[in-house]
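I opened this model to look up a few things. My entries follow in the order I made them.

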Amino acid sequence: MNDIFFPAGFLWGTATSSHQVEGGNQNNDWWEWEQSPRHIRDGLPAAAACGWWEGKAEQDLTYAAELGQNAHRLSLEWSRLEPMPGVYDKAAFARYRKLLELMHKLKLTAMVTVYHFTLPLWATKMGGWTNPALVGQFRQFTHECAKQLGDLVPLWCTINEPAVLAYLAYAGTVWPPGHGSIPQGFCALRQLLLAHAAAYHALHQVCGKAQVGLVLNMPWLEPARPASILDTAVTKAQDWLLTGVILHALKSGWLMPPLTFFPCHTPSVYRSFDFLGLNYYGRYAVRFDLKAVSLMFGNHVQEPSVRTESSDWGQIAPRGIYHQLLRLSRLDVPLYVTENGVYDNTDTVRPKYLLDHIAAVHRAMSAGADVRGYFHWSLLDNFEWAQGWSTPFGLIQLNPQTQERKLKASGELYSRICKANGIINNSLDKLSIFQ
Ligand code: FCB
């Protein structure tokens, strides 16, 4: 690989989310869901997670800065900040202020996600995202976050992966509330888009200068048999439901079927983004199959599917991140890779994954994508939703029982990349993974 340099000021960071790292919270829907062990693959709940809430965040963020990172993406836990509707918790806001102040001191640019998958229990009781009233509640909550924390946050993400949440939790049954109703999935996605737009405007009302974006999970979907009309049609259908329908709404302000019965123009959604965040993990080959009803008749059949032992984040395919960045660049705003990573119990796959994906981001930039930063998922192993603790994504290994941490070889590699602001071969030579 030739040496690769990134522009000055490029953000190198890692991403985390509140529930996955904080621990010790019993006031959200995920806590309730984890009480039933069959909901979690290894039966292990988040429990203390990475201990961030009770103090370990400081040590991990300081270490991230020492490793050469200059940014971090974290999320706010709605159930802590607004434990009852309209009641804000001062101490919880103070805790996030303390973290954001530390990040400022450490020169870690803060990217803050207002909502990353977890709902306060009171919001779940209202029916979660299928209740239109939650959009207004979310707008008010975001407004409060902007007022209390906005001076410390240059980059805001409103909502993380609305389509993933809508389909796994409302159309599907694997995340809470597990409704298993396709119409409810579309309804939830519509509300999430409206909530995003409401939050976008609330943030701008309070923090004029903030940059606000939406984060999308965009796997690279390709027909399993490129010449097959049916494979191509189901691939397009899946892509529309995951990504196309959202990008269309953001670009044009039109909510389209199946989010609504008839197309519906919604001015608040129109161009409600200053940047876009791409979460990219892998590629899927889609094959027409009449039996795959819940997947819109398209089965995922990628071979070899190296990451399917316990869950499926797709086949490793760096060209997918390249294509998705170029696709997003047509919306003419700055882009961030807000998540990219791979679960890997032995840290043998991750080093090459990291190099290949960062090189592909650079290629996309050379081809015109205005990418301003890269956030690896994740800083350290953490609670991975329905997979529990079985799919470690961290650059730092964590033993959740003892809370011991240990830098992985890929963590050392990423540190060299961050410090060099690129992939500089002679700075990598002495790494044990390349011996
Ligand atoms: C993403 C989620 C993140 C984490 C990674 C592995 O889709 O945003 O919370 O679970 O997958």
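**Notebook: a buried residue, a barrel and a sheet**

I started at Asn 160, which is buried because its relative accessible area is 0%; buried means under 20%, exposed over 50% and partly exposed in between, with a 1.4 Å probe and protein chains only. This is a predicted model, where local features need pLDDT of at least 70, side-chain atom pairs count only at pLDDT 80 or more, and totals for chains, interfaces and linings use all residues. Residues are numbered from 1 along each chain as its sequence is written, and side-chain values use heavy atoms, with hydrogens and water left out.

**Around Asn 160**

I placed Asn 160 in strand E5 (residues 155–160). Strands (E, at least two residues) and helices (H or I, at least four) are DSSP runs, numbered from the N terminus. Which side chains make polar contacts with the side chain of Asn 160? I found His 116 at 3.1 Å and Asn 279 at 3.2 Å. A polar contact is a pair of N or O atoms within 3.5 Å; within protein, one must be able to donate a hydrogen and the other to accept it, and residues adjacent in sequence count only if both atoms are side-chain atoms. Leaving out residues up to four places away in sequence, Asn 160 also touches others, including Arg 73, Tyr 115, Val 215 and Glu 339. Contact here means heavy atoms within 4.5 Å.

**The barrel**

I traced a closed barrel of eight strands, E2-E3-E4-E5-E6-E10-E13-E14, with parallel pairing. Two strands pair if DSSP finds at least two bridges between them. The twist averages 25° from one strand to the next. Axes are lines fitted to C-alpha atoms, for helices over the stretch in contact, and angles run from 0 to 180 degrees between N-to-C directions. Strands E13 (residues 335–340) and E14 (residues 371–377) pair in the parallel sense over three bridges. In that pair, Tyr 336 is opposite Gly 373 of E14. Helix H12 (residues 350–366) packs on the sheet and touches E2, E10, E13 and E14; H12 makes about 165° with E14. Helix H13 (residues 409–420) lies across E2 and E14, at about 150° to E2.

**The open sheet**

I then took the open sheet of three strands, ordered E7-E11-E12 with mixed pairing. Its edge strands are E7 (220–223) and E12 (298–300). E11 (residues 283–288) pairs with E12 in the antiparallel sense over three bridges. I noted Gly 298 in E12 as the bridge partner of Phe 288. Helix H10 (residues 229–252) packs on this sheet, touching E7, E11 and E12, with its direction at about 130° to E11. Helix H11 (residues 318–329) lies across E7 and E11 and runs at about 105° to E7.

**Cores**

Which residues touch the most other members of the largest nonpolar core? I listed Trp 129, Phe 138, Trp 156 and Leu 325, out of 121 residues. Helix H9 (residues 182–206) gives the largest share of this core, eleven residues. Another core of 15 residues lies apart from it, with Leu 155 and Trp 313 among them. A nonpolar core is a set of buried Ala, Val, Leu, Ile, Met, Phe, Trp, Tyr and Cys residues joined through side-chain atoms within 4.5 Å.

I found Ser 432 in the segment after helix H14 (425–428). Buried or exposed? Ser 432 counts as exposed because its relative accessibility is 58%.
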